[in-house]
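Student: Hey, could you walk me through this one? I'd like to get my bearings before I set anything up.
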Amino acid sequence: MEILQNWKSPSTRYQGSKRKLPSWIYEHIKDIKFDSALDLFGGTGVVSYLLKNMGKNVTYNDYLKFNHYIGLALIENSFLTLSSEDVEFLLNFQNTQYKNIIEYTFKDIYYKDDENHWIDCLNGNIIRLNEMYTGSTLRYKRALAYYALFQSCLIKRPFNMFHRKNLHLRTAEVSRSFGNKTTWDTPFEIFFRRFTKEINDLVFSNGRQNYATNKDAFRMDNRDYDLVYIDPPYFSENRTPVACDYGRMYHFLEGIAQYDDWLNLIDYGSSNLHLKDNHNHWSSKSELLEAFDQLFCRFADSIIILSYKSPGIPAEDELVSLLRKYKQKITVQRLQYWYALNKLNGKPHHNIELLLIGQ
Ligand SMILES: C[S@@+](CC[C@H](N)C(=O)[O-])C[C@H]1O[C@@H](n2cnc3c(N)ncnc32)[C@H](O)[C@@H]1O
């Protein structure tokens, strides 16, 4: 498995990420004949990155704008990296014209005051990259800088999410049984430098023109992709609808990605100032089967690969029957998986990672 030797990929935890499963996925797709692939729910981009490493013509998609930047930096971009001059420019706040949205609006919610100020300034400098670059160079340089900023924001958050106003978990003088206070308190600048290096090391060309798109999966064109990989939010009896809503879990990063509009997008009635809700098919039990059906139907001409977990809603056999409406040959691969901090680890029939392959 040459392509998995010295495997590197985005390192920070993200809900539902396949960052620990590339070799298992590779094992089950390597003998399938395909050239072009759509990663419909791209997230961290780990699976797109595997496909890119396999030499495929890859389209990464995610409906969140902050993830779209990750797709641009990692998948669509083949050559550009952040130079040491770029990094020093981004970290020099002396001439920064910045708005202070985070410093004022998010006081005492996720980060300390000096950290909020730092994110506002860094974001101001990402915008200012237009003093040095234009066109697609500007687009990719900004995407690379956003990658490093978003990873830095995630690593400094308890649970690596923004689902609750819980800065006190970091600041309270208590003994903790979870998390890593040293990491949370490490200055942003140190992480930002580390993640610029991480993304620079991940950039490569596979000789193909790859794309990153930013669409709702239900509106994505079914443009003759040989293979479509589907890894949607996962719903189960143990999960609240909010936990299946990535717009809610990661709203703070989405706000940064839409910085100029952010203040208009916030739901000011919420204690953690999340964005106003958009309709999300994956949070509503009654809509789930119909949502899968729509996607399978839309991509019926492609090989369909669905990542799923058992037990989930809908159940595995319901999904297999649904896929059978569109595909003749179906195989199911399974892997018992241990999740960090999950109390169901090791229980029979729990935490089973599935790959449904319909050809
Ligand atoms: C389970 S995660 C995908 C994880 C990804 N395979 C990885 O390894 O990181 C689901 C992703 O779907 C995205 N998403 C949710 N609803 C979507 C929709 N309607 N259209 C496109 N993307 C969506 C979320 O933003 C999230 O990143």
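Tutor: Let's begin with a term: buried means under 20% relative accessible area, exposed means over 50%, and partly exposed lies in between (1.4 Å probe, protein chains only). This is a predicted model, so local features need pLDDT of at least 70 and side-chain atom pairs count only at pLDDT 80 or more, while totals for chains, interfaces and linings use all residues. Residues are numbered from 1 along each chain as its sequence is written, and side-chain values use heavy atoms, with hydrogens and water left out.

Student: Good. Is Asn272 buried or exposed?
Tutor: Asn272 counts as buried, because its relative accessibility is 6%.

Student: And where is Asn272 found?
Tutor: In the loop between helix H13 (262–265) and helix H14 (285–298). Helices (H or I, at least four residues) and strands (E, at least two) are DSSP runs, numbered from the N terminus.

Student: What does Asn272 touch?
Tutor: Leaving out residues up to four places away in sequence, Asn272 touches Phe106, Ile109, Tyr110, Phe162, His163, Arg164, Lys165 and His251. Contact here means heavy atoms within 4.5 Å. With two of these there are polar contacts too: a polar atom of the Asn272 side chain lies 3.3 Å from the backbone oxygen of Phe162, and the side chain of Asn272 reaches the backbone oxygen of His163 at 3.1 Å. A polar contact is a pair of N or O atoms within 3.5 Å; within protein, one must be able to donate a hydrogen and the other to accept it, and residues adjacent in sequence count only if both atoms are side-chain atoms.

Student: OK, ligand next. Which residues are the closest to the ligand?
Tutor: Tyr14, Thr44, Asp62, Ala217 and Asp231, out of 21 residues that surround the ligand. The cut-off for being near is a heavy atom within 4 Å.

Student: Which of the shell residues are nonpolar, polar or charged, by number?
Tutor: The shell divides into nine nonpolar, seven polar and five charged residues.

Student: What about polar atoms of the ligand?
Tutor: An N or O atom in the side chain of Tyr14 is 2.7 Å from a ligand oxygen. Asp62 has a polar side-chain atom 2.7 Å from an oxygen atom of the ligand. A ligand nitrogen lies 2.8 Å from a backbone N or O atom of Ala217. The ligand taken alone exposes 600 Å², and the protein buries 98% of that. Those areas come from the Shrake-Rupley method with a 1.4 Å probe; for residues, only the protein chains shown count as cover.

Student: Switching topics: how many residues does the largest nonpolar core have?
Tutor: It has 85 residues, and those with the most contacts inside it are Ile119, Leu149, Phe252, Ile256 and Trp262. Helix H7 (residues 135–155) gives the largest share of this core, 13 residues. Apart from it lies another core, of 30 residues, including Ala217, Phe299, Ile304 and Leu356. A nonpolar core is a set of buried Ala, Val, Leu, Ile, Met, Phe, Trp, Tyr and Cys residues joined through side-chain atoms within 4.5 Å.

Student: Which residues does Ile256 touch?
Tutor: Ile102, Ile119, Asn123, Tyr146, Leu149, Phe150, Cys153 and Trp262, again not counting residues up to four places away in sequence.

Student: And helix H4, what do its buried residues pack against?
Tutor: They pack against H6, H7 and helix H10 (188–202). The buried residues of H4 (residues 84–91) are Asp86, Val87, Phe89, Leu90 and Leu91.

Student: Where do I look for positive phi?
Tutor: Asn6 has a positive phi of about 55° although it is not a glycine. Its place is in the segment before helix H1 (22–29), and at 73% relative accessibility Asn6 counts as exposed. Asp108 has a phi near 65°, also positive in a residue other than glycine. Asp108 lies in the loop between helix H5 (101–105) and helix H6 (113–127), and is partly exposed, with a relative accessible area of 45%.

How values were computed
Nonpolar A, V, L, I, M, F, W, Y, C, P; charged D, E, K, R; others polar.
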